[in-house]
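Please read it alongside the sequence and the model.

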Amino acid sequence: MKRACLALCCCVAIVVFSSAGWGFELMGKTAPDFMLNTIDGSATLSLKDLRGSVVVIDFWASWCPPCRRSLPGLAALEQRLKGLKVLAVNIDDDRVKGVEFLRRNRIKVVALYDQDKQVVKRYDVSAMPSALIIDKHGVVRFVHVGYTESDLDQFKKEIEGLL
Amino acid sequence: MKLLLSFVAVVIALIPLGGCAVVKSYEREKLADPILERQTQFAKQTLEQKFFSTREGSMGGASGIGGGCGCAK
């Protein structure tokens with residue numbers, strides 16, 4: 001009986017912790033490159049184009065409540081920190097929802113549209129929102145899953161260390 | 001015979017698990033619909049807010065929808 005309980009606990013621990021470690025395999029490695037259209041379809045942007053800047057990639061969707069809170073915070077951070085670029089990768093099924101959200105909240109960031117969810121799949125995002133901080137050489141230095149208001153200070157600290 | 005029955009019972013118990021699927025976090029748009037939230041009174045509450053804002057000719061405080069004319073925006 002004891003053994004069965006122990007085995008059950010191990011299984012639960014594996015299930016719980018297997019989803020908790022997103023991004024650690026990306027840490028210290030060059031961020032996978034991608035090329036996406038902006039959400040309004042006016043331009044195409046590649047991650048490589050931003051070498052030389054510290055980049056925050058934020059995966060977000062208009063249907064995700066914490067994403068709706070994190071994006072204005074990151075946009076404000078971009079305004080305050082010179083040399084920082086925020087790439088907001090939207091994964092809505094309908095791009096209009098994302099455009100509408102940005103317009104309504106007057107959020108001015110570079111918003112890209114991951115139409116086929118190829119980028120979010122490639123990064124194997126485990127929860128929404130998820131964000132990565134990439135240094136000037138294109139190397140992933142920080143990964144973050146979820147969002148609470150206090151996380152913004154952590155973002156700021158990490159970014160300032162890379163600028 | 002007992003062993004065989006146990007085996008069959010386990011197999012039958014496992015069959016429903018075949019219908020389970022892991023939905024990735026970025027594929028949950030439809031599941032994120034507010035109507036699927038635990039709060040079961042969502043539709044009722046929305047309607048009540050709309051009626052309230054129509055009757056009072058004003059809205060706010062409870063994030064009511066629609067204006068004084070009762071039109072959906």
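Chain B exposes about 6100 Å². Carbon and sulfur atoms supply 67% of that area. The model is predicted. Of the 73 residues in chain B, 11% are buried. Its secondary structure comes to two helices and zero strands.

Part of the exposed surface of chain B is a nonpolar patch. Its members are B:Met1, B:Leu4, B:Leu5, B:Phe7, B:Val8, B:Val11, B:Ile12 and B:Ile15. Is B:Ile12 buried or exposed? B:Ile12 has a relative accessible area of 53%. The cut-off for exposed is over 50%, so B:Ile12 counts as exposed.

Now the aromatic rings. Over all chains, the structure holds four aromatic pairs. One of them joins A:Phe34 and A:Tyr123. This pair is edge-to-face, with 6.2 Å from centre to centre and 75° between the planes. It links distant parts of chain A, 89 residues apart. A:Phe34 lies in the loop between α1 (2-18) and β1 (35-38). A:Tyr123 lies in the loop between α4 (118-122) and β6 (130-134). Ring pairs also bring in A:Phe59, which forms a cluster with A:Phe34 and A:Tyr123.

A second pair is formed by A:Trp60 and A:Phe101. Their ring centres are 5.6 Å apart. Why is this pair tilted? The planes meet at 45°. Stacked needs under 30 degrees and edge-to-face over 60, so the pair falls in the tilted class. A:Trp60 belongs to strand β3 (residues 54-60) of chain A, and A:Phe101 to helix α3 (residues 95-104) of chain A. The pair therefore ties together parts that are 41 residues apart in sequence.

How accessible are the residues of these two pairs? The table gives the values.

| Residue | Relative accessible area | Class |
|---|---|---|
| A:Phe34 | 6% | buried |
| A:Tyr123 | 2% | buried |
| A:Trp60 | 0% | buried |
| A:Phe101 | 4% | buried |

The cut-off for buried is under 20%. A:Trp60, at 0%, therefore counts as buried. So does A:Phe34, at 6%.

Key: Residues numbered from 1 in each chain as written. Chains lettered and ligands numbered in written order. Predicted model: local features only at pLDDT ≥ 70, side-chain atom pairs only at ≥ 80, totals over all residues. Heavy atoms only, no water. Phe/Tyr/Trp six-rings, centres within 6.5 Å; stacked < 30°, edge-to-face > 60°. Helix = DSSP H or I, 4+ residues; strand = E, 2+ residues; numbered from the N terminus. Buried < 20%, exposed > 50% of the residue type's maximum accessible area, 1.4 Å probe, protein only. Patch = residues over 30% accessible without salt bridge, like charges linked within 9 Å, V, L, I, M, F, W, Y side chains within 5 Å. Areas by Shrake-Rupley, 256 points an atom, 1.4 Å probe, with all protein chains shown as cover. Salt bridge = Lys/Arg side-chain N within 4 Å of Asp/Glu carboxyl O.
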